[in-house]
Amino acid sequence: IHIHDLDFLTLTLTCCQIDLTKLFTGGFQTGHGSLREPQDIKTYAALACIAIQSNQNDQHGGQSVAKFDYDMAVGVAKTYVRHYRNNLVKAFDIFGIELDAKDVLLTIESKHGIKPKLKNDAITPFIIEQIGDQALGQKIAKFVEKEAFKETVRDTHQAMESLVHNLNTMHSRAGAQVPFSSINYGTDTSHEGRLVVEAILDATVAGLGSGETPIFPIQIFKVKAGINLNPEDPNYDLFKKAMETSARRLFPNFSFLDAPFNKMYYKEGNPDTEIAYMGCRTRVMANIHDPEKEIVTGRGNLSFTSINLPRLALQSKSEQQFFKQLDDTIELVTEQLLERFDIQKKLYVYNFPFLMGQGVWIDSNKLDRNDTIESVIKHGSLAIGFIGLAETLKVLTGKHHGEDEASQKLGLHIIGH
């Protein structure tokens, strides 16, 4: 067997899927000072990198953002409002209108519940009403929308480019490595979310400083019928763009939310129930400890051990003996993982100042600094993996699953064992 990250066995957990929207709301701390809630997409992207790096420093495995487009869309919306307001100030100044742009927007929001929104002109009639001149008001509104849109698109593309560059240059706890980062996206159909996906794909195609393919963040495009799978779906154009990007830059990978083992958890309108992945193997969704919290965010893998299948095959003289050895090894790994869990559960919140101290891990906000983490890490997973199926089949049958139908059948039997 191979016990992953054995050098960290007594120190920490493996990985986590971070809810950036929750983390950013009201601001957060990294242990070296407080950070205010971000108000711009460029700050959202920068703080996303800081959050990934800070969480990585508390763990030994990868960090994933499970709903990257939804999280970043909030920053895009704020950016558009700021650019709209600033361009309204310019327009009032150019045309000599004695109105305060900030007061105008606040008045409209308080009276009608409407504020500037990307690719949405619902606010235009109220801007015209405040100006009191139909023709001039229409002209100003058109100018402001055009400039705000252009500047928001530019900022979003710049933000995603900086995120890609940062995640390929920042140092992690291991010292000689960058944080092992993954982002999942593709299902936010809002204009803001779509812009984020478009921008991250463009940044991926552009590559790093000398045109190199960026290794991080590992990217996963979530595919869902009714959202992006079919030509009539609202995000189908992004699915096509993702495939083109993958053909050129290896990423994104693709996950399928309609696969039976994923669809069973999906709840429409709740992105926390959309399966997300990490580049380091992890898929965390089922929750035996608390079925009411079968969500992706705030959870992760605690420990991971792989079984060397070819070694078992080489030690076996028959398929029957192989399966007997496999059962014995699974039992051994189960005991090993539970023993490791017994060590992990005795750690304290203060051992994880960001992961637990900032409430990144699910329910950790209910714990005090000197509490053990046992009650909350039960939401995580202990994983048994394997390696070398093709080689195992070669040993057992002389042919691997791609060469023989009987070997294919045996391979499926081994995996389903």
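Lysine 67 and aspartate 71: buried or exposed? Lysine 67 is buried, and aspartate 71 is buried too. Their side chains meet in a salt bridge, with N and O 2.8 Å apart.

## Overall build

The model is predicted. Its chain has 417 residues, and 49% of them are buried. The secondary structure comes to 14 helices and 10 strands. Along the principal axes, the C-alpha trace spans about 90 × 55 × 45 Å.

## Nonpolar cores

The largest nonpolar core holds 74 residues. Met72, Met160, Met356 and Trp361 have the most contacts inside it.

## Salt bridges

The whole structure contains 19 salt bridges. The pair of lysine 67 and aspartate 71 has already been described: a 2.8 Å contact, N to O, between two buried residues.

A second pair joins arginine 194 and aspartate 237, again by their side chains, at 2.8 Å from N to O. Arginine 194 belongs to helix α7 (residues 191-206) and aspartate 237 to helix α8 (residues 236-249), so this bridge ties together parts that lie 43 residues apart in sequence. Aspartate 237 is partly exposed, at 36% relative accessibility.

Some charged residues go beyond simple pairs. Asp40, Lys42, Arg82, Arg154 and Asp155 are linked in a network of salt bridges.

## The loop between α11 and α12

Aspartate 363 sits in the loop between α11 and α12. Why does aspartate 363 count as buried? Its relative accessible area is 16%, and the cut-off for buried is under 20%. Its phi is near 70°, a positive value in a residue other than glycine.

Aspartate 363 also forms a salt bridge with lysine 366; the closest N and O atoms are 3.5 Å apart. Lysine 366 is exposed, with a relative accessible area of 60%, whereas aspartate 363 is buried.

Aspartate 368 is placed in the loop between α11 and α12 (374-377). Aspartate 368 counts as exposed, at 53% relative accessibility. Tyrosine 348 is 20 residues away from aspartate 368 in sequence, and their C-alpha atoms are 9.2 Å apart.

## Surface patches

Which residues form a negative surface patch? They are Asp327, Glu331, Glu335 and Glu339. Glutamate 331 is in helix α11 (residues 319-344). This glutamate is partly exposed, with a relative accessible area of 46%.

A nonpolar patch on the surface is made by Ile94, Phe95 and Phe143. Together these residues have about 280 Å² of accessible area. Phenylalanine 143 lies in helix α6 (residues 134-167). At 32% relative accessibility, phenylalanine 143 is partly exposed.

## Backbone features around two prolines

The bond from phenylalanine 216 to proline 217 is cis, with omega near -5°. Proline 217 is in the loop between α7 and β7 (218-223).

The bond from phenylalanine 251 to proline 252 is cis, with omega near 5°. Proline 252 is found in the loop between α8 and β8 (253-256). Leucine 250 lies in the loop between α8 and β8 as well. The phi of leucine 250 is near 75°, which is positive although the residue is not glycine. Leucine 250 is exposed, at 64% relative accessibility.

## Lysine 119

Where is lysine 119 placed? It is in the loop between α4 (101-112) and α5 (124-131). With 56% relative accessibility, lysine 119 counts as exposed. Tyrosine 80 is 39 residues away along the chain, yet the C-alpha atoms of lysine 119 and tyrosine 80 are separated by 9.9 Å.

Notes:
Residues numbered from 1 in each chain as written. Predicted model: local features only at pLDDT ≥ 70, side-chain atom pairs only at ≥ 80, totals over all residues. Heavy atoms only, no water. Patch = residues over 30% accessible without salt bridge, like charges linked within 9 Å, V, L, I, M, F, W, Y side chains within 5 Å. Areas by Shrake-Rupley, 256 points an atom, 1.4 Å probe, with all protein chains shown as cover. Salt bridge = Lys/Arg side-chain N within 4 Å of Asp/Glu carboxyl O. Lys, Arg positive; Asp, Glu negative; His and termini not counted. Charge placed at Lys NZ, Arg CZ, Asp CG, Glu CD. Helix = DSSP H or I, 4+ residues; strand = E, 2+ residues; numbered from the N terminus. Buried < 20%, exposed > 50% of the residue type's maximum accessible area, 1.4 Å probe, protein only. Core = buried A, V, L, I, M, F, W, Y, C linked by side-chain atoms within 4.5 Å.
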